[in-house]
Amino acid sequence: MKAHDGMYIGGQWRPAAGTDTIAVVNPADEQVIAHVPAGTPEDVDAAVRAARAALPAWAATPPAERAALLTALRDELARRQDLIAQTVTAELGAPPGLARAVHTGMPLMVAGSYADLAATYSFEERIGNSTVLMEPVGVVAAITPWNYPLHQVIAKVAPALAAGCTVVLKPAEDTPLTAQLFAEAVHDAGVPAGVFNLVTGLGPVAGQALAAHEDVDLVSFTGSTAVGRQIGATAGAAIKRVALELGGKSANVILPGADLAKAVAVGIANVMSNSGQTCSAWTRMLVHRDQYDEAVALAAAAVAAYVPGDRIGPLVNAGQQQRVRGYIEKGIAEGARVVAGGPDAPLETGYYVRPTVFADVTPGMTIAQEEIFGPVVSILKYEDEEDALAIANGTVYGLAGAVWAAQDEAAVAFARRMDTGQVDINGGRFNPLAPFGGYKQSGVGRELGPHGLAEYLQTKSLQF
Ligand code: NAD
């Protein structure tokens with residue numbers, strides 16, 4: 001794969017300050033496909049300066065012009081659809097169909113939604129004798145994970161640019177090539193120099209320097225809870241705005257009377273997609289005791305269709321593979337019953353894990369509490385609705401979830417009592433404008449749609 005050997009700073013590809021590089025590995029065959037520069041604090045500083053210098057003019061650019069540039073960016077990404085999909089397959093291991101439909105299609109939709117929002121959003125409102133101006137927060141540090149290499153970038157950069165902020169992006173080590181393609185698209189779209197900047201590098205070096213930089217006004221981070229906690233503390237100490245999108249352990253609650261076969265099939269598909277590397281995945285399936293055995297059999301049958309290397313890709317790297325296999329071993333050790341899959345690697349080459357279904361999982365088990373980030377589903381039994389609710393709400397997380405019932409009203413009544421940021425009712429469809437983000441330790445702040453845009457705005461009230 002073609003990789004840039006520099007950083008995209010101030011509207012051009014510049015040589016990195018240091019000489020270290022990061023190897024990019026294809027997780028399906030374990031081959032090195034490219035090297036990208038490992039940024040240093042010097043690179044980060046140059047990028048933040050470029051973003052700061054570009055801020056006044058960009059913030060003063062009329063929203064309609066920002067919208068036109070976002071439309072151009074969306075079009076440049078669309079022109080590169082095939083290349084983006086191939087790159088996501090190469091560096092993340094996503095099967096080609098998923099890479100096209102989800103990893104490329106969804107970010108295009110989100111980019112388009114922000115082009116529309118920039119043009120239509122009301123950046124001014126009247127409250128009594130005041131006019132309230134919605135102004136850009138300033139220079140944004142965006143630190144993104146590898147699980148959705150383009151979506152995670154767009155979900156931060158598009159609203160930031162729509163709001164009039166300038167950005168420095170530090171993408172994940174595992175998936176920098178998609179981020180470089182994004183920078184090329186930004187450039188060709190004609191976005192002014194310095195409005196968007198890219199520094200590739202290691203989290204504890206480039207990421208940390210960026211999060212701690214005194215001239216950054218807002219840090220938007222998606223990734224692990226451990227790093228999120230650290231970034232939140234650093235930003236808090238500096239009185240900087242911070243948005244954190246962290247882990248999840250979402251519940252798929254199947255109430256009696258629901259279409260059990262559909263609820264189980266959709267629930268399994270939800271977790272297996274992207275090899276389980278989705279923060280909002282419904283990794284806990286909650287089933288009434290009278291339907292439990294039937295649900296377990298349906299789940300085991302459904303998961304058999306996910307053949308590693310065909311319908312389901314590898315995990316992103318060897319570390320994640322080891323981590324997920326460790327969780328499967330822990331589930332067995334704590335007394336859960338494997339009804340599909342298991343801890344052994346299904347293929348000799350590539351970071352694959354067997355799609356795994358656990359039955360007889362109790363709420364206190366590690367696999368019912370911690371984010372596994374792999375193709376592993378835990379099926380839990382509940383006695384009645386109160387019990388189901390206690391189990392659903394019984395983790396430190398609260399990012400997403402699903403409720404299935406005979407009628408939407410019953411599902412909605414249950415969803416109102418869930419401590420979580422999103423709930424799909426009877427298989428509701430993805431909405432790129434719906435706010436996405438966590439309750440409890442799943443995070444702070446919201447992404448997507450107008451709520452995502454508001455994260456990058458601060459208010460100024462003028463009294464008359
Ligand atoms: P991570 O939190 O280490 O990495 C996410 C991003 O943060 C990357 O760009 C990384 O370079 C950067 N980073 C790492 N250390 C940093 C630091 N000290 N300062 C600033 N930036 C830093 O996540 P990971 O190791 O890639 O994944 C580990 C686990 O995190 C996964 O198993 C999963 O549970 C969770 N995760 C969640 C999401 C999500 O979408 N919420 C995405 C990826 C991973």
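"Buried" here stands for under 20% relative accessible area, "exposed" for over 50%, and "partly exposed" for what lies in between, with a 1.4 Å probe and protein chains only.

This is a predicted model, in which local features need pLDDT of at least 70 and side-chain atom pairs count only at pLDDT 80 or more, while totals for chains, interfaces and linings use all residues. Residues are numbered from 1 along each chain as its sequence is written, and side-chain values use heavy atoms, with hydrogens and water left out.

If we leave aside neighbours within four places in sequence, Phe182 is in contact (heavy atoms within 4.5 Å) with Leu73, Leu77, Leu150, Val153, Ile154, Val157 and Phe196.

Turning to the domains, the C-alpha centres of domain 1 and domain 2 lie 30 Å apart, and 21 residues of domain 1 are in contact with 25 residues of domain 2. The area buried between them, that is, the accessible area (1.4 Å probe) that two parts lose on being put together, summed over both, is about 1900 Å², and carbon and sulfur atoms give 58% of it. On the side of domain 1, Glu30, Trp146 and Ser442 lose the most area to domain 2, together 27% of what that side buries.

What is the count of salt bridges between domain 1 and domain 2? With a salt bridge taken as a side-chain nitrogen of Lys or Arg within 4 Å of a carboxyl oxygen of Asp or Glu, the count is zero.

Finally, a word on Glu184, which is found in helix 6 (residues 176-189), where helices are DSSP runs (H or I, at least four residues) numbered from the N terminus. Glu184 counts as buried because its relative accessible area is 18%, and, again leaving aside neighbours within four places in sequence, Glu184 is in contact with Lys2, His4, Trp13 and Arg80.

Conventions
Domains from an automatic or database assignment. Helix = DSSP H or I, 4+ residues; strand = E, 2+ residues; numbered from the N terminus.
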